[in-house]
Amino acid sequence: MSYDFKEIERKWQRFWQQNQTFKAEDLSKAPKFYVLDMFPYPSGAGLHVGHPLGYIASDIYARYKRHQGYNVLHPMGYDSFGLPAEQYAIQTGQHPATTTEVNSKRYREQLDRIGFSLDWSREVKTSDPAYYKHTQWVFIQLFQSWYDKKSEQAKPISELVQCFEREGNRLVQAHCDSDVPLFDAQQWLAMSELDKEQTLQYYRLAFLADIDVNWCPELGTVLANDEIVNGVSERGGHPVIRKKMRQWSMRITAYAERLLKGLSSIDWPQPLKDAQTNWIGRSEGAEVHFEGIDFQAKISVFTTRPDTLFGVSFMTLAPEHELVLKITTESQRAQVEAYIAETAMRSELDRMSDVKRISGVFTGAYVKHPFTAEPIPVWIGDYVLASYGTGAVMAVPCGDQRDYEFAKHFDLPIPNIFEGVDISQEAFADKEKTIIANSDFLNGLSYAKAKATIIARLESEGNGRGVINYRLRDAVFSRQRYWGEPFPIYYDNGIPRALPFEALPLELPEVEQYLPTPEGDPPLGNATKWAWNTQTKQLVDNVHIDHQTVFPLELNTMPGWAGSSQYFNRFMDPQNDDELVSAERVNYWKEVDLYIGGSEHATTHLLYARFWQHFMFDLGKVPQPEFARKLINQGMITGLSAIIYRKSGTQQYFSHNLIDHKNAEAPNFVNHFEKIRVDVSLINGNDELDIEALKAWQPQYKAASFELENGVYTVGREIEKMSKRWHNVVNPDQICDQYGADSLRLYEMFLGPLEQSKPWNTAGITGVHSFLKKLWRLYEQFNEETPTPENLKTLHKTIKKVTEDLDDFSFNTSVSSFMICVNELTAQKCASRAILEPLAVLISPYAPHIAEELWQRLGHAESIVRERFPEFDASYLVESEKEYPVSFNGKLRFKLMLPSDLSKEAIEEAVMKHHKTAQQLAGSPPKKVIIVPGKIINIVH
């Protein structure tokens, strides 16, 4: 019977679904193992062959752990809130939920076709109200919490209020805004309800604040830094400006130190840990206060080099700094306002990365040096960010290259405070070689001593203090979109109040338009029934808002990362309506044992999820402060793009080899041509373009002429990210149709190490498909015969290698081992059940469909899924015989096969009795017999 992969794969996919083969058992007595993939956003394009790479690896490991007797949790869901669905809704009027549901079903079909061992009974979608009910609950807990520095954990805001009522805030050690006014108990009790809430906003872990954000007018929403590319929105390429808006934020900075320390306790890739470490950006230094001259305010700066304080010759503020317009003199106001407007058109990312551009404006204001009392001019410059430190920089041009270039550009003083250093050409920044000069009481001190000395002096004189600063900023949590989690917040005369738990989920309302309102409110402003009645505890029409019992609800929605920050815990208990996860379930599953996903999420999802997990740990809701014990970042499968070449200004297309790619003087030099990518499905295995198919694909090619080479048009090839944009996407459905899911799974693993990027080449899959056919033939005539030593050696050599590979996540080398094994067993004409049964289990994680079918053909009624994984027996690899090279006076004369367990004496006896030895010695006795058991025999005569 031939290998009918289509029927076999359909058969076993039906079996697994009907029998819920991969359903995990909660609270099992078996050891648990939790395998998780970063769940996908269900786009309309569906999966391409690059997407399943990590899923295949995690599935292989999940199946392996089942074979080892583990109770495996391997769930899947959809990160289904997202801007693409909303943009499609704006264009078509179709509700995002409709397109999301269609896309999710398409993803499910594709995932099932590849044979993933997923527990679909636990499926979640972040856009499902039953799911985001718990996201809203977490938000409320954050809103009702503050961070106690003394105990280093989150605590209920009610405890903070009690403290304020007893003694005010002077002794409170909280992570809060830096400009919180001090008050005693009497002053707190005298505050209005609104003033009290505005004070609590300084402390809440989820809080409202007026902050500078990336605003995209075209999309009508705030964008995170990672949603902006080259100064425009990643989605649609629209302009982005900086704008101050009242936004919900998360006080992730309270957890900065814990997030840093926690990295040492988890097995995550070092480059990813480094990315988070750099993003958090811990630095030790000093906060220095500069008093204003002719204005009543102090400007504080953070510096890691307080030892250079006597080298300050000017100060630079971020254009967004709250004091800029207050301190600017009238003569400078027009220039300052123009510069602020210009800077607002640039994202923070652009400003940080553009190191060559030098720009700034003098405000006309001065501050006083804390020790010399000399006036220091205050400038604004776009290289200073309001979101880092205090938004102000004490400029020391002799010790910082950017300050140096700024001072040179604007002809500002550059005093030298370093002993024996020439700063005529560039700044000096070598801390280790620093000896301070021209700095009063710091003269002659090294960097470390000068730093300690000046911090002590600043603190004693009240001009500053030693501080630890973090580059990490509080996370903006508001989005002006429709398709996201509604905030469970209503406004009681300006005071934000949380909805009660029984009111959750607060579901997205129906709206006629998904755009902002004419007044500029977010899309939820279009809802007509978006008010909360505190008496009936129900949603009511907006017309009933009276600000006494009926109040308006929040119009913003949560960002995309909200739903992915606790989904790993929700998978443990997805049908629990009362809580995110029960204590019983979370104490059984504890954490994700293996998490696989892309490194591009290092400073977004992976950081925010760790933050929420630490917070949930503080609440006592989870037993582990870190949610994933081990993380692997899979590499990328790149596409092989097909390039055609159009001569500039014409409709002539030249074959690849007719173009000169090296000689710039040649008339057909490549720079004279426009490179255009075409769909890879139009190209055959020899890189030849189907011109008629191209013309049918896109009509602009119908009138084109093609310069052929030997009657064919050969395309150029480039390895690029697999993307619809580059027309190099390969659909896994096509691969499954032509070669089968098991071939796809094996080939993706065979391409190379999981963590590395590798190019896709459909032609290469024929090799693994041929291997599966060969494997199939091996089982055609199995028997009950005792396996030969060679059979057992081949099997156990493969068991050893594959087990080691699985434990090391080296999936690519396992595929090679399978091929070698099947080749050897075929050559040995092995048909023994004792060999074929363990081999089927061994290959089952990689090629599950064919393994199930072969297992059934061997006479088994039960699925192979939980059969014990074969164990390596080293005795089968011990050679029973050893072939010795026999040399005389160092020259090889013959070889002798002897039992491998012979002693040195027995080996000598056997070789001396051999007739070829007698011939070599010709009757004379040997002078010396040298024997190294298992290696050599040398007779000296």
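Asn 889 has a relative accessible area of 42%, so the residue is partly exposed (buried is under 20%, exposed over 50%, partly exposed in between, with a 1.4 Å probe and protein chains only). The model is predicted: local features need pLDDT of at least 70, side-chain atom pairs count only at pLDDT 80 or more, and totals for chains, interfaces and linings use all residues. Residues are numbered from 1 along each chain as its sequence is written, and side-chain values use heavy atoms, leaving out hydrogens and water.

**Backbone sites**

- Most residues other than glycine have a negative phi, and most peptide bonds are trans.
- Asn 889 is not a glycine, yet its phi is positive, near 55 degrees.
- Asn 889 sits in the loop between strand S31 (881–888) and strand S32 (891–899). Helices (H or I, at least four residues) and strands (E, at least two) are DSSP runs, numbered from the N terminus.
- Asp 411 also has a positive phi, of about 55 degrees, without being a glycine.
- The loop between helix H14 (401–410) and helix H15 (447–461) holds Asp 411. With a relative accessible area of 70%, Asp 411 is exposed.
- Leu 504 and Pro 505 are joined by a cis peptide bond, with omega about 0 degrees. Pro 505 belongs to the loop between strand S19 (495–498) and strand S20 (531–533).

**Helix H21 and its partners**

- H21 is mostly covered, with nine of its ten residues buried. Among the buried residues are Ser 743, Leu 746 and Tyr 747.
- H21 (residues 741–750) packs against helix H26 (residues 848–857) at about 125 degrees, with the axes 7 Å apart. Axes are lines fitted to C-alpha atoms, for helices over the stretch in contact, and angles run from 0 to 180 degrees between N-to-C directions.
- H21 and H26 are therefore oblique to each other. Under 35 degrees counts as roughly parallel, over 145 as roughly antiparallel, 65 to 115 as roughly perpendicular and the rest as oblique.
- Ala 741, Asp 742 and Arg 745 of H21 meet Pro 848, His 849 and Ile 850 of H26 (contact means heavy atoms within 4.5 Å).
- Helix H2 (residues 52–67) packs with H21 at about 105 degrees, and their axes are 10 Å apart. H2 is thus roughly perpendicular to H21.
- On the H2 side, the contact residues include Leu 53, Ile 56 and Ile 60. H21 contributes Leu 744, Arg 745, Glu 748 and Met 749.
- Just after H21, Gly 752 has a positive phi of about 160 degrees.

**Nonpolar cores**

- The largest nonpolar core has 150 residues. Such a core is a set of buried Ala, Val, Leu, Ile, Met, Phe, Trp, Tyr and Cys residues joined through side-chain atoms within 4.5 Å.
- Phe 139, Met 250, Phe 477 and Tyr 595 have the most contacts inside this core.
- Leaving aside residues up to four places away in sequence, Met 250 touches several others, including Phe 139, Phe 477 and Trp 561.

**A buried threonine**

- Thr 794 lies in helix H23 (residues 789–808). Its relative accessibility is 3%, so Thr 794 counts as buried.
- The side chains of Thr 794 and Gln 828 make a polar contact at 3.0 Å. A polar contact is a pair of N or O atoms within 3.5 Å; within protein, one must be able to donate a hydrogen and the other to accept it, and residues adjacent in sequence count only if both atoms are side-chain atoms.
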